[in-house]
Amino acid sequence: MSAAPLVGYSSSGSEDEAEVATVERNKPGSGGYRCGQDLVPSQRFPVPDSVLRMFSSTEEGPEDDSAKHGGRIRTFPHERGNWATHIYIPYEAKEEFLDLLDVLLPRAQTFVPQLVRMEEFHLSLSQSVVLRHHWILPFVQVLKDRMASSQRFFFTANRVKIYTNQEKTRTFIGLEVSSGHAQFLDLVSEVDRVMEEFNLTTFYQDPSFHVSLAWCVGDARLQLEGQCLQELQEILDEFEDSEMLLRVLAEQVRCKSGNKFFSMPLK
């Protein structure tokens, strides 16, 4: 059995949370006010609890509790001022597509019960990278300039495939692109140039463009490849109007940095 391709997913959804601006709290009495003598520590007025609570969310980093995001583990540690950033093409989930998932996922769960449906669907054009807050707008502007001449195109994603992230801490069931691969490579080439300009990690050398449908914690390839994969492909092939359902128009590139979204329409 061949090794499953790796995909550029963060191991933790919490990495996508926005990093708010850091606030330097002024220390009472540190301004050196004098009235005959320096104000000694015992004479400083205490800061009200209500004020301290206002600053607690900005001074303390988010708690790294994997239980809050399905047991996922961070790919890179949280640092104040770092924004997890990802570039992708959004995939609109129409009602018929969700109907297909309602057939595929229960079948896959007979092999791996802990599988969970993705909350949103997309095709990655980059790995998850880290941007400092002050890099975000310049980064997005350069990306928009690179995308300005890119054309819309149709693609088809109809091959069921099993993926893991680089650390093999998460496994995904995806639909691999069978047509439109060359256009995706063109977009990645432009995205990679932006990454290089900001000294960030570029995409994979031989990427497998796909839409992830469901995921679970851990490496579940042995359970999902083979019989399960074959049955899922048969379900997809026999699903009514699947050929038209899985042919999609790529109309925009999107960049997500923290909780900020930036859209770049294709021509």
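These legends accompany several close-up views of one predicted protein model.

Residues are numbered from 1 along each chain as its sequence is written. In this predicted model, local features need pLDDT of at least 70 and side-chain atom pairs count only at pLDDT 80 or more, while totals for chains, interfaces and linings use all residues; side-chain values use heavy atoms, with hydrogens and water left out.

View 1. Helices (H or I, at least four residues) and strands (E, at least two) are DSSP runs, numbered from the N terminus. Of the 267 residues, 42% count as buried, where buried means under 20% relative accessible area, exposed over 50%, and partly exposed in between (1.4 Å probe, protein chains only). The chain exposes about 14900 Å², and carbon and sulfur atoms supply 50% of that area; accessible areas come from the Shrake-Rupley method with a 1.4 Å probe, and for residues only the protein chains shown count as cover. Take the contacts with a separation of 6 or more: 81% of them link residues 24 or more positions apart. A contact here means heavy atoms within 4.5 Å.

**View 2. Where to read the model with care, judged by pLDDT.** This score is the predictor's confidence in each residue, from 0 to 100. The chain averages a pLDDT of 81, and 71% of the residues score at least 70. Over residues 9-45 the pLDDT is below 50, although this stretch has 65 contacts in the model beyond near neighbours in sequence. Residues 50-69 also have a pLDDT below 50, with 25 contacts beyond near neighbours. Where pLDDT is low, the predicted coordinates should not be read in detail.

**View 3. Helix α2, residues 95-109, and its cover.** From first C-alpha to last, the 15 residues of α2 reach 21 Å, close to the 21 Å expected at 1.5 Å a residue; the expected span is 1.5 Å times one less than the number of residues. Buried in α2 are F97, L100, L101, L104, L105 and A108. An α-helix has 3.6 residues a turn, so residues three or four places apart point the same way. The cover over the buried residues of α2 includes β3 (116-117), β7 (170-179), β8, α5, α6 (227-238) and α7 (242-245).

**View 4. Strand β7 and its pairings with β6 and β8.** Two strands pair if DSSP finds at least two bridges between them. β7 is mostly covered, with 8 of its 10 residues buried. Strand β6 (residues 153-165) pairs with β7 in the antiparallel sense over 8 bridges, and T156 has S179 in β7 as its bridge partner. These two strands form a hairpin with 4 residues between them, and K168 in the turn has a positive phi of about 60°. β7 and β8 also run antiparallel, joined by 7 bridges, and E176 stands opposite H210 in β8.

**View 5. A220, in the loop between β8 (210-217) and α5 (221-224).** A220 is buried, with a relative accessible area of 3%. Leaving aside neighbours within four places in sequence, A220 is in contact with V112 and T171. F172 lies 48 residues from A220 in sequence and 8.6 Å from it in space, C-alpha to C-alpha.

**View 6. S242 in helix α7, and two cysteines.** S242 counts as buried at 11% relative accessibility. Residues up to four places away aside, S242 touches L236 and D237. C216 is buried at 1% relative accessibility, and C255 is buried at 0%. The structure holds 0 disulfides, a disulfide being a pair of cysteine sulfur atoms within 2.5 Å.
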